[in-house]
Amino acid sequence: MEIPDEIMIDIFSRLPAKSVGRCRCLSKPWREILSAPEFIKSHLNRKTNPQQNLLLVAALNTIHTISDVRNDTVSRKIQLIDEWEEAIGSCDGLVLLLNEKSEKILVNPITLQKEKIPDPPLALNKTESHSMHGFGYDGSIDDYKIVVVSYYDTDEYYPDNFDTFVDVYCVKKGVWKRVDNSPYDLSSARRCTGACVNGAVHWLAPSKNQGDYRAVIAAFDLAREVFDEIPVPNDVSMNFGCYQLVVLGGCLCITDAGRSLHQDNNKTDTWIMHEYGLAESWTKFTIDCGYEWSMFKPLCNIGDEEIVLICEGGEILLVYNLKEKTLKNMVVDGASAYVLDGCVFVESLLSPCFGAS
């Protein structure tokens, strides 16, 4: 008795991506069914509360993943050979990475498929400019978009050109386009990666209004391809060199090392926006880091009480306990973890190769 295809699809769509990958190897009919775009989308949409995985760019520029995010855990080195430097971000199981040549590579850490993203046709000369990146999903056209914000090095090369250019790449279409320049001065954002939440990529910036020196969050809407403005906490100052905007637990998160740098007390203030766009939803806590001249990049939560952090400068992976207010080195593979960068991702079968299976 043969099982109808629709029942098989329903059963397989409930399995983890790694298990589906193994099942593909068992027979040609199964491979065809489990590689079909319809099944891949069904499998992705089935994950209403997907397990959080961690991707780490290790100190030797190798890529490691952790499927069980906790202290004293085990990582898996994946065979993606390159001189990796930065994890831009992830969406639906795809991770955008940057190598030492500033080449953008879109990868699926589960299937190990990868695709090199071409540079924008109007890209600025890399030796005379700076760029920042963002990655997310545009539900209005069912496509993934890469955003590159670039500006000239006004200190050495172009002292009179303060334009901030914005290029957008549609992954499935394989097309770049330049949209309107940013009305915000994003050169103040420490060349940080954009934080993607709620269909928009976010950077910290000064207000676009002349004479207004407030800090704001510039939010590039991926569907409309224009910038909106999100309020920052009231006690965030204009000292952008000490702030970092990231995503933590699906929420916008701001960290500030200025308190430890300028008040000599080794504390880092952190804010989380629990309801997107609502200024009143910002809440604050303080990490007593014990590391002088340190800046933290939050990566992910472990349960409700712990946060995994990268200590920038020392490249140490740490775990902060919110309840006990303690900070300790995170143990990975039996030792303290030293990493360059990292991001969270979910397991999926999605291909980065422009919709190919």
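K41 sits in helix 4, residues 37-46. Helices are DSSP runs of H or I with at least four residues, and strands are runs of E with at least two, numbered from the N terminus. This is a predicted model, where local features need pLDDT of at least 70 and side-chain atom pairs count only at pLDDT 80 or more, while totals for chains, interfaces and linings use all residues. Residues are numbered from 1 along each chain as its sequence is written, and side-chain values use heavy atoms, with hydrogens and water left out.

**Helix 4**

K41 counts as partly exposed because its relative accessibility is 46%. Buried means under 20% relative accessible area, exposed over 50%, and partly exposed in between (1.4 Å probe, protein chains only). K41 lies 9.2 Å from S348, C-alpha to C-alpha, although 307 residues separate them in sequence.

| Side of helix 4 | Residues |
|---|---|
| Buried | F39, I40, H43, L44 |
| Exposed, on the other side | P37, E38, N45 |

The buried residues of helix 4 fall within an arc of 135 degrees seen down its axis, so they line one face. The arc is taken over directions from the helix axis to the C-beta atoms. These buried residues pack against helix 1 (5-12), helix 2 (17-24), helix 3 (28-35) and strand 9 (143-152). Contact means heavy atoms within 4.5 Å.

**Aromatic pairs**

The whole structure holds 8 aromatic pairs. The ring centres of Y169 and W176 are 4.9 Å apart with planes at 45 degrees, so this pair is tilted. Rings of Phe, Tyr and Trp (its six-membered ring) pair if their centres lie within 6.5 Å; planes under 30 degrees apart are stacked, over 60 edge-to-face, the rest tilted. Y169 and W176 are both buried. F135, Y137 and Y144 make up one aromatic cluster.
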